[in-house]
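Here is a friendly walk through one protein model. Please keep the sequence and the 3D view open as you read.

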Amino acid sequence: MKTIEVCLTPDLIHQHDLSGKIVVVVDIFRATSCIVTGLANGVESIKPVGEVEECKALGKEGYLMAGERGGQKVEGFDMGNSPFEYLEDSVKGKRVAISTTNGSQAILKSEGADAILIGSFLNLEALTEYILQLPIGVVIHCAGWKGTPNLEDTLFAGALIDECAEEMEPIGDSALLAHQLFIANHENLLALALQSSHAERLKGFGIEKDLEFCMEESKYQVVPKFIEGELVS
């Protein structure tokens with residue numbers, strides 16, 4: 001049986017052997033939710049970069065600059081880190097360069113896997129169907145918060161494990177923890193996620209609607225893939 005593992009934070013990704021595996025990167029609040037929304041809404045591609053200056057350099061090449069530091073839009077960028085910005089008609093057909101505190105870092109640290117995919121509650125059903133068709137195991141790479149685990153990404157990991165339970169075997173205590181957290185709270189995911197420390201930080205910026213949007217399940221049918229440095233659908 002294929003296996004499914006959970007890495008609770010990028011600081012632990014070195015403990016997972018990514019060769020011959022699919023990595024699913026997840027940053028529910030809000031980077032991977034933005035990526036899924038953007039590609040579902042006609043964005044051509046999204047390029048994750050580690051540093052603000054890299055993003056600005058790509059802006060000079062015609063990319064829209066998107067991202068945040070500490071939850072707030074970077075000064076001079078075209079977009080912040082709200083999924084609603086990716087619903088605007090102005091992004092359709094455009095290439096976006098994104099740099100965020102946690103999400104883009106997790107994507108870049110996943111290199112070495114056979115495939116890197118983007119996960120969110122917004123594309124949970126499509127993602128599940130896609131990975132179940134492939135013959136290799138999965139590592140769910142949670143972006144967390146500045147090197148520490150967070151509640152919302154761990155909940156998603158548990159949800160994905162639950163969706164794959166009949167065909168994939170969870171490996172390790174992190175996977176067990178995530179799955180049990182989901183099982184115990186599956187009827188009230190939004191309420192629990194809104195209690196997370198990350199949600200509390202972001203609520204201070206008045207973006208509760210973003211958080212609620214990011215917890216909607218299976219709204220889109222896209223599965224973003226990291227190919228030659230860019231995320232495409």
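## About the model

This is a predicted model, in which local features need pLDDT of at least 70, side-chain atom pairs count only at pLDDT 80 or more, and totals for chains, interfaces and linings use all residues. Residues are numbered from 1 along each chain as its sequence is written, and side-chain values use heavy atoms, with hydrogens and water left out.

Helices (H or I, at least four residues) and strands (E, at least two) are DSSP runs, numbered from the N terminus.

## Helix α4 against helix α5

Let us start with a pair of helices. Two packed helices are described by the angle between their axes and the distance between the axes. Helix α4 (residues 124-133) packs on helix α5 (residues 151-163) at an angle of about 50°, and their axes are 10 Å apart. Axes here are lines fitted to C-alpha atoms, for helices over the stretch in contact, and angles run from 0 to 180 degrees between N-to-C directions. The two helices α4 and α5 are therefore oblique to each other; angles under 35 degrees count as roughly parallel, over 145 as roughly antiparallel, 65 to 115 as roughly perpendicular and the rest as oblique. Their crossing is right-handed, a crossing being right-handed if the near helix is turned clockwise from the far one by less than a right angle, and left-handed if anticlockwise. On the α4 side the contact involves Leu124, Leu127, Thr128 and Ile131, and on the α5 side Phe156, Ala159, Leu160 and Glu163. Contact means heavy atoms within 4.5 Å. Sorted by class, the contact of α4 with α5 holds 6 nonpolar, 1 polar and 1 charged residues. Ala, Val, Leu, Ile, Met, Phe, Trp, Tyr, Cys and Pro count as nonpolar, Asp, Glu, Lys and Arg as charged, and the others, Gly among them, as polar.

Which residues of α4 are buried? They are Leu124, Ala126, Leu127, Thr128 and Ile131. Buried means under 20% relative accessible area, exposed over 50%, and partly exposed in between (1.4 Å probe, protein chains only). Besides α5, the buried residues of α4 pack against β1, β2, β7 and β8 (137-142).

## Helix α5 against helix α6

Helix α5 also packs with α6, at an angle of about 90° and with the axes 7 Å apart. The helices α5 and α6 are therefore roughly perpendicular to each other. From α5, Leu151, Thr154, Leu155, Ala157, Gly158, Ala159, Ile161 and Asp162 meet Ala175, Leu177, Ala178, His179, Leu181, Phe182 and Ile183 of α6. This contact of α5 with α6 divides into 11 nonpolar, 3 polar and 1 charged residues.

Leu181, in helix α6 (residues 173-185), makes a handy landmark for your view. Not counting residues up to four places away in sequence, Leu181 touches Leu151, Thr154, Leu155 and Leu192. From Leu181 to Phe156 there are 25 residues in sequence and 9.7 Å in space, C-alpha to C-alpha.

## Salt bridges

How many salt bridges are there? The count comes to 6, where a salt bridge is a side-chain nitrogen of Lys or Arg within 4 Å of a carboxyl oxygen of Asp or Glu. One of them joins Lys109 and Asp11 (4.0 Å, N to O). This pair links distant parts of the chain, 98 residues apart: Lys109 is in the loop between α3 (103-108) and β7 (115-119), and Asp11 is in the loop between β1 (2-7) and β2 (21-26). Lys109 is partly exposed at 42% relative accessibility, and Asp11 is partly exposed at 43%.

Asp210 and Arg30 form another salt bridge, with their closest N and O atoms 3.0 Å apart. Here too the pair links distant parts of the chain, 180 residues apart, with Asp210 in helix α9 (residues 208-214) and Arg30 in the loop between β2 and α1 (31-40). Asp210 is buried at 1% relative accessibility, and Arg30 is buried at 4%.

## Two buried threonines in loops

Thr9 sits in the loop between β1 and β2 and is buried, at 3% relative accessibility. Leaving out residues up to four places away in sequence, Thr9 touches His141, Cys142, Gly147, Thr148 and Pro149.

Thr101 belongs to the loop between β6 (95-99) and α3 and is buried, with a relative accessible area of 15%. Setting aside neighbours within four places in sequence, Thr101 contacts Glu68, Arg69, Gly70, Trp145 and Lys146.
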